[in-house]
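Hello,

Here is the structure I promised to pass on. Please have a look at it first, and then read on for what turned up.

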Amino acid sequence: MQGHRTLILERETFPRYQIGESLLPSTVHGICRLTGAWDAVQQAGFTKKRGGTFRWGANADPWTFAFSVTPRMAGQTSFAYQVERMKFDQLMLDNARRLGVEVRENCPATGILTTGDRVTGVTYTDGDGAQHEVSAKYVVDASGNSSRLYRNVGERKYSEFFRSLALFGYFENGRRLAEPNSGNILSVAFDSGWFWYIPLSPTLTSVGAVVRQEMAGKIQGDPEQALMNLIAECPMIADYLSGARRVTSGTYGQLRVRKDYSYHTTKFWRPGLVLVGDAACFVDPVFSSGVHLATYSALLAARSINSVLAGAVAEPAAFGEFETRYRREFSLFYEFLMSFYDMHVSEQSYFWTAKKVTANKLPELESFVELVGGMTSGESALTSAEEVITRFKSSSGDFASAVDQVVAGGEQTMLPILKAPVVSQVMQEGSQVQAQALFGLDAEEEIPLFDGGLIASQDGLSWSVPQS
């Protein structure tokens, strides 16, 4: 879109299976509009998602969070989509081709080329097994959690708190929530962990159980029996699947296990090479943040590359902005999710007592301080694990109190959740991206996220130095 020659090396041949099916509004109304993919996505017939419904916390009744509670996501942007990733990703790849990107499928990248300390290209293998080299001013590693190129940038640090395993499959004719929430993701906590229940079409549902690594025995052996046993442990999910049958053939017929190990890389970029999406970091999927973090980080990286190639911003400033913003967004979701887990009450469950952050989880909190301690946004001001414990006690308590008010009063009283700081912070950047895509020149004037920081250009595709 800025006139640069761009090459995608894609190791798979599309369409291909991928997990991460529940989107957030910032991807749909922000990234898809900015890149021109909105019309195709809107016409694809994906299930409309108005928010999330949770059986989670001390109260036994489910409660719902709707995107429409915030004015910045009201009206035409108060929804996202549940997507079959094979279809959604194909649309995005086709849109890249439409914009002039050269796409080479079945061509995995195998290594980097360097000149001195700078990355100047990659090596890759084509479908016939032939080796190739390609030079580039910038290389973006978007190869996900299985990335190997990240090792050329930093070290991957894993979270002890979010070290879980997911066993998942697909079902036909499962129950739906009552309207207008039939398209919501349903997240249900039970003694051994939690379930996701994602309606992908009027009849197809993605269902997955998440358990701690130490409880891996629950998903070992026969995966079919293991999943049925976990479903039987969770009455709400068992009820929703009582008239359903598991898909046993085709792409969705396989039961899959994935390590939902949250991690971050110690550095997100070096001269000539930048990590985006899961190549840089990954956080627990309970709030559907994966595709948001991937597309948001890609937008930040594109702004930085465009700005440097245009000679508008020096490389250290442009990519410093990328890393600070991406690390901040990741850390806000991380802290939000820790608070979210902390409010669940089940003292008899190993899973939930192990997740009780505010009790005495100093090693995990020290790790979190290390994760965000180098950030300069000023909004997380972390200096010690004890300070984090104090704030977590407050934020998880505030959030739990807000949920109780919602359960008591229904969706119309969801303002307490919106006002909880741990929620409002995590929604801030996504709504800014949406506003930029929707309103362009008429969008609210942005202010830097930290002292000396940059702001997005009016078209949202590069960085600008704020007027003093």
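Let me begin with a cysteine: is C32 buried or exposed? C32 counts as buried, because its relative accessibility is 0%. Buried here means under 20% relative accessible area, exposed means over 50%, and partly exposed lies in between (1.4 Å probe, protein chains only). C234 also counts as buried, at 1% relative accessibility. The structure holds zero disulfides, a disulfide being a pair of cysteine sulfur atoms within 2.5 Å.

Before going further, a word on the source. This is a predicted model, in which local features need pLDDT of at least 70 and side-chain atom pairs count only at pLDDT 80 or more, while totals for chains, interfaces and linings use all residues. Residues are numbered from 1 along each chain as its sequence is written, and side-chain values use heavy atoms, with hydrogens and water left out.

The chain as a whole

The chain has 468 residues, and 58% of them are buried. It contains 13 helices and 21 strands; these are DSSP runs numbered from the N terminus, helices being H or I with at least four residues and strands E with at least two. Among contacts between residues at least 6 apart in sequence, 71% join residues at least 24 apart, where contact means heavy atoms within 4.5 Å.

The cores

The largest nonpolar core has 81 residues, and W56, F319 and F322 touch the most other members. Such a core is a set of buried Ala, Val, Leu, Ile, Met, Phe, Trp, Tyr and Cys residues joined through side-chain atoms within 4.5 Å. Helix α7 (residues 315-342) supplies the largest share of this core, 12 residues. Leaving aside neighbours within four places in sequence, F319 is in contact with Y138, W269, V274, S304, I305 and V308. There is also a second, separate core of 26 residues, with F171, V211, A226 and M236 among them.

A three-stranded sheet

Strands β10, β18 and β17 form an open sheet in the order β10-β18-β17, with mixed pairing. Two strands pair if DSSP finds at least two bridges between them. β10 (139-141) and β17 (269-270) are at the edges with a single partner strand each, so one side of each has no neighbour in the sheet. β10 pairs with β18 (residues 273-275) in the parallel sense over three bridges, and D141 stands opposite L275.

L273 is in β18 and counts as buried, at 1% relative accessibility. Its contacts, apart from neighbours within four places in sequence, are I112, V119, V139, D141, L149, N152 and V153. L273 and V153 are 120 residues apart along the chain, yet their C-alpha atoms are separated by 7.7 Å.

Helix α3 (residues 85-98) has 14 residues, which at 1.5 Å a residue should span 20 Å, and its end C-alpha atoms are 19 Å apart, in agreement. The expected span is 1.5 Å times one less than the number of residues. Its buried residues are R85, M86, F88, D89, Q90, L93, N95 and A96; their cover includes β1 (7-10), α1 (25-34), α2 (38-42), β6 (102-105) and α6 (290-309). G100, which follows α3, has a positive phi near 105 degrees.

Finally, R258 sits in strand β16 (residues 256-265) and counts as buried at 17% relative accessibility. Not counting residues up to four places away in sequence, R258 touches residues including N145, D278 and F282.

Best wishes
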